[in-house]
Amino acid sequence: MTLDQLATKARDIHIKQNNRLTEQYTQKLPQTGLWLETQRHLRNSDIDDALYELCDQVQLLDKLEATRRGAISNPTEGRQVLHTALRDFDSNALHHDEVSATLAAMNAYTNRVINGEVLSATGKAFTDVVNIGIGGSHLGPEMIYAALKPVYERKLNAHFVSNVDATDLLAVIEDLNPETTLFVVASKTFTTSETLTNAHSAMNWLRSNLGDSAVLNTHFAAVSAAPEKAIEFGVASDQVFPLWDWVGGRYSLWSSIGLAVAIAYGFDVFKSLLEGAFAADDHCLTAAYADNAGVQLALLSYWYTQYLGAQTHCVLPYDHALRLLPDHLQQLQMESNGKSVALDGSQLDKHSTPVVWGAAGTNGQHSFHQLLHQGTELIPTDIVLVLTAAQSLGEHHKLLVANGLAQSQAFVEGKLEADIIKELIAGGMSENDAKALAPHKVIAGNRPHTIIAMDAMNAVNLGALVALYENKVELEAILMGINAYDQWGVELGKVLAKEMVPQLESGESTSDGYDALIEAYANLND
């Protein structure tokens with residue numbers, strides 16, 4: 001049977017029966033404490049066979065391997081896609097010399113900052129590092145820093161600024177000491193408007209507090225593929241770290257974009273992050289389809305989006321430290337696969353990526369979980385658990401994990417109308433009243449979801465988790481026949497924003513339909 005034919009019967013599958021097949025649908029990533037269970041889905045052996053046949057037809061793993069070997073996998077920009085080379089320590093890996101030299105430079109600089117060998121303009125050791133970036137130069141590093149905060153000793157406190165809204169930068173620096181604050185300006189082109197605006201304001205803040213001195217450059221490091229522009233801005237040349245056009249922004253946290261994380265926790269922690277990511281890469285390239293965590297996640301997402309009409313995907317990390325994971329995955333998935341044309345330029349005849357959203361449990365249980373349990377939409381969900389507590393306090397962690405597993409059980413089993421009526425009558429309600437109330441309390445269950453679990457939160461497991469999602473996104477793009485590595489929709493807004501600035505300054509609109517707002521802005525800000 002074809003996937004289209006199988007899809008017509010998929011809603012009749014009872015997840016509760018699959019839920020007993022734990023061993024068949026459990027994958028453990030070697031060299032890590034990361035594993036996932038994918039049996040709680042609208043799937044059976046016929047669907048699996050059809051999806052695995054599709055993998056063969058599109059040469060799924062062969063194409064992923066070709067990307068890893070340096071094929072031009074971003075044809076619209078004529079670029080290789082080799083972020084995985086950033087975490088491959090094999091001497092035969094592509095770009096090994098460049099990557100090794102950069103890691104060594106990061107290691108040396110990180111140690112010098114932590115040990116107080118790099119001093120501020122007033123001769124003091126740095127206590128805080130502020131990462132100024134946006135998109136992939138912000139979301140990944142901020143998420144990593146927050147996730148590891150309960151686990152590792154901080155050498156410096158890290159802070160993250162991305163929004164061009166002044167409130168973002170001011171909220172960060174208001175409690176910082178300019179004498180002991182280091183800024184990392186992360187911009188691939190070093191022309192990103194939001195990042196440079198914030199960087200110039202940071203420089204002005206230092207000047208207003210410390211005076212306009214050449215030694216202010218010790219307060220700045222930079223990550224860029226345009227080092228000459230960073231130096232022109234005022235960063236010392238030995239504090240500029242390279243980035244390459246074969247590393248996409250949303251895949252770049254493994255590069256020197258992770259400098260603030262390395263400074264905050266030490267380079268050894270950053271290296272462990274890379275090692276965990278490499279373990280996920282190796283697993284996704286070598287494991288058979290049925291045992292391959294990345295393939296399983298990609299196929300399930302493809303199945304629901306393309307054949308069962310799912311339009312969103314929810315991520316529920318049951319660990320407060322992972323609260324920013326949905327934000328990072330939003331960019332990773334939606335900027336990568338939010339496309340409407342295939343690689344050959346033809347229009348897609350089905351959906352591309354689902355909308356990714358979510359929040360930390362247990363908070364979501366008291367808001368949008370109502371939709372997950374009783375809404376009309378099909379919303380595949382990932383429940384992410386950390387099985388041992390990074391910070392222990394009474395019964396907190398036990399309750400946290402219990403809530404995550406209970407949500408899974410509720411997604412599977414729901415609550416039947418007949419059982420609800422019996423309970424209401426047993427509680428003293430009349431039969432007629434019970435029958436009237438029961439439909440409102442019915443929870444259908446049979447809601448598809450994956451459980452992803454870490455034995456413990458650490459850099460290796462976190463690196464493996466994030467890289468697993470990266471592999472999932474890339475594999476899903478291959479299944480859809482799209483380019484996961486360009487982002488022309490993002491670029492358009494940047495161009496139009498530059499054209500809008502002079503209109504706001506003059507109060508005269510040259511953009512159709514914005515006359516009143518532009519005139520009002522000019523009058524209010526005269």
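**View A. T286 is exposed, with a relative accessible area of 57%.** Exposed means over 50% relative accessible area, buried under 20% and partly exposed in between, for a 1.4 Å probe and protein chains only. The structure is a predicted model, in which local features need pLDDT of at least 70 and side-chain atom pairs count only at pLDDT 80 or more, while totals for chains, interfaces and linings use all residues. Residues are numbered from 1 along each chain as its sequence is written, and side-chain values use heavy atoms, with hydrogens and water left out. T286 belongs to helix α11. Helices (H or I, at least four residues) and strands (E, at least two) are DSSP runs numbered from the N terminus. The C-alpha atoms of T286 and E65 are 9.6 Å apart, although 221 residues separate the two along the chain.

View B. Rings of Phe, Tyr and Trp (its six-membered ring) pair if their centres lie within 6.5 Å; planes under 30 degrees apart count as stacked, over 60 as edge-to-face and the rest as tilted. F267 is buried at 8% relative accessibility, and F270 is buried at 1%.

**View C. F183 and F220 make a stacked aromatic pair.** Their ring centres are 5.4 Å apart and 20 degrees separates the planes. One aromatic cluster holds F183 and F220 together with F190, W205 and F233. The whole structure contains 15 aromatic pairs.

**View D. Five strands form an open sheet with parallel pairing.** The order of the strands is β4-β3-β5-β6-β7. Two strands pair if DSSP finds at least two bridges between them. β4 (157-161) and β7 (240-242) each have a single partner strand, so one side of each is left without a neighbour in the sheet. From one strand to the next, the twist averages 20 degrees; axes are lines fitted to C-alpha atoms, for helices over the stretch in contact, and angles run from 0 to 180 degrees between N-to-C directions. Strand β3 (residues 128-132) runs parallel to β5 and is joined to it by five bridges. D128 has T181 as its bridge partner in β5.

**View E. A second open sheet has six strands and mixed pairing.** Its strands follow the order β1-β2-β11-β10-β8-β9. The edge strands, which pair on one side only, are β1 (26-28) and β9 (355-358). Neighbouring strands of this sheet are turned by 20 degrees against each other on average, direction ignored.

**View F. Strand β10 pairs in parallel with both β8 and β11.** β8 (residues 312-318) and β10 (residues 381-386) are joined by five bridges. Across this pairing, L316 stands opposite I383, and P317 has V384 as its bridge partner. Six bridges connect β10 to β11 (residues 449-454), where L385 stands opposite A453. In a regular strand the side chains alternate between the two faces of the sheet. In β10, T381, I383 and L385 lie on one side and D382, V384 and V386 on the other, and all are buried. Six of the six residues of β10 are therefore covered in the sense of burial, under 20% relative accessible area.

**View G. Two charged side chains sit over aromatic rings.** A charge sits over a ring if NZ of Lys or CZ of Arg is within 6 Å of the ring centre and within 35 degrees of the ring normal. The charged end of R87 is 4.6 Å from the centre of the W254 ring, and that of K271 is 5.5 Å from the centre of the F89 ring.

**View H. The largest pocket holds about 1,100 Å³ of space.** On a 1 Å grid over the protein atoms alone, a pocket is an open set of points where a 1.4 Å probe fits, with protein on both sides within 12 Å along at least five of seven lines; lining residues have an atom within 4 Å of a point. The volume is the space filled by probe spheres set on the points, which are joined across faces, edges and corners. The lining comprises 43 residues, and T192, Q487, V490, E491 and K494 are the closest to the centre. Elements giving two or more residues to it are α8 (193-210), α13 (325-337) and α19 (488-506). α19 gives the most, with eleven residues.
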